[in-house]
Amino acid sequence: MIEAEPLERGAGFEFHDRIVGGVIPKTYIPSVEKGVRAAMAAGVLAGYPVVDVKVSLIDGKTHSVDSSQMAFETAGSLAFREAASAAGLLLLEPIMAVTASVPDDQVGDVMGDLAARRGRILGTEPIGGGRTEVRAHVPEAELTTVVPELRALTHGAGTVSMAFDHYDVAPDHVAA
């Protein structure tokens, strides 16, 4: 039996052995952890990996005939899937930092386009030469056509760069 609880974003994975009384021999504990890690990598929600979780092994049983490293690895994987399903997981999506350099007279159009892509405008800054830099955070899934559409909005005068920034919770309609 395991308990799973969320950690802060970016904290990674923690595994704690809280077995008392030797109900699971110490030689099988690493196999349980290996099974948990495998289940996390395979994912339990839409096939995406599970991140930032603390797992505590709290109980279990051994059987003189059926106990093996593989059996405990499988048990760890199944126990994690059960605990994670009951925990109400959230689907995270990658958020990109987007920087667009556009002519000053088209800043509003570009900001409107990024906002329509579920983007959060972070700010604008004049960069000289009649151009403004627009900075935003936009979900990666919304950026598949941003380059050609930005070029169309700016009549070929706009440029855009993107880099991964962080993960954020996907809205319900996207997660569905």
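Residues 24 or more positions apart account for 77% of the contacts in the protein with a separation of 6 or more. Contact here means heavy atoms within 4.5 Å. This is a predicted model: local features need pLDDT of at least 70, side-chain atom pairs count only at pLDDT 80 or more, and totals for chains, interfaces and linings use all residues. Residues are numbered from 1 along each chain as its sequence is written, and side-chain values use heavy atoms, with hydrogens and water left out.

Now the overall plan. The protein has 5 helices and 7 strands. Both are DSSP runs numbered from the N terminus, with at least four residues of H or I for a helix and at least two of E for a strand. Along the sequence they follow the pattern β-β-α-β-α-β-α-β-β-α-β-α. The radius of gyration is 24 Å, well over the 16 Å that the globule rule gives for 176 residues, so the protein is more spread out than a compact globule. That radius is taken over C-alpha atoms, and the rule is 2.2 Å times the number of residues to the power 0.38. Along the principal axes, the C-alpha atoms fill a box of roughly 75 × 25 × 20 Å.

Next, the surface. Buried residues make up 32% of the 176 residues. Buried means under 20% relative accessible area, exposed over 50%, and partly exposed in between, with a 1.4 Å probe and protein chains only. The accessible surface comes to about 10100 Å², and carbon and sulfur atoms hold 55% of it. These areas come from the Shrake-Rupley method with a 1.4 Å probe; for residues, only the protein chains shown count as cover. There are 14 positive and 24 negative side chains. Lys and Arg count as positive, Asp and Glu as negative; His and the chain ends are not counted. The centres of the two sets lie 4 Å apart, with each charge placed at NZ of Lys, CZ of Arg, CG of Asp or CD of Glu.

Turn to the strands. Strand S6 (residues 131-139) pairs with strand S5 (residues 120-128) in the antiparallel sense over 7 bridges. Two strands pair if DSSP finds at least two bridges between them. Gly128 has Arg131 of S6 as its bridge partner. Thr124 is bridged to Val134 in S6. S5 and S6 form a hairpin with 2 residues between them. In the turn, Gly129 has a positive phi of about 65 degrees. S6 also pairs with strand S4 (residues 92-103), again antiparallel, over 9 bridges. There, Thr99 stands opposite Arg135 in S6.

Two loop residues deserve a look. Most residues other than glycine have a negative phi. Arg118 has a positive phi, near 65 degrees. Arg118 sits in the loop between helix H3 (107-116) and S5, and is partly exposed, with a relative accessible area of 26%. His155 also has a positive phi, of about 55 degrees. The loop that holds His155 runs between helix H4 (146-153) and strand S7 (159-169). His155 is exposed, at 69% relative accessible area.

Finally, consider Val50. Val50 lies in the loop between helix H1 (29-42) and strand S3 (53-57). Is Val50 buried or exposed? Val50 is buried, with a relative accessible area of 12%. Leaving aside neighbours within four places in sequence, Val50 is in contact with Met40, Gly43, Val44, Phe80 and Leu89. Met40 and Val50 are 10 residues apart in sequence. In space, they are 4.8 Å apart, C-alpha to C-alpha.
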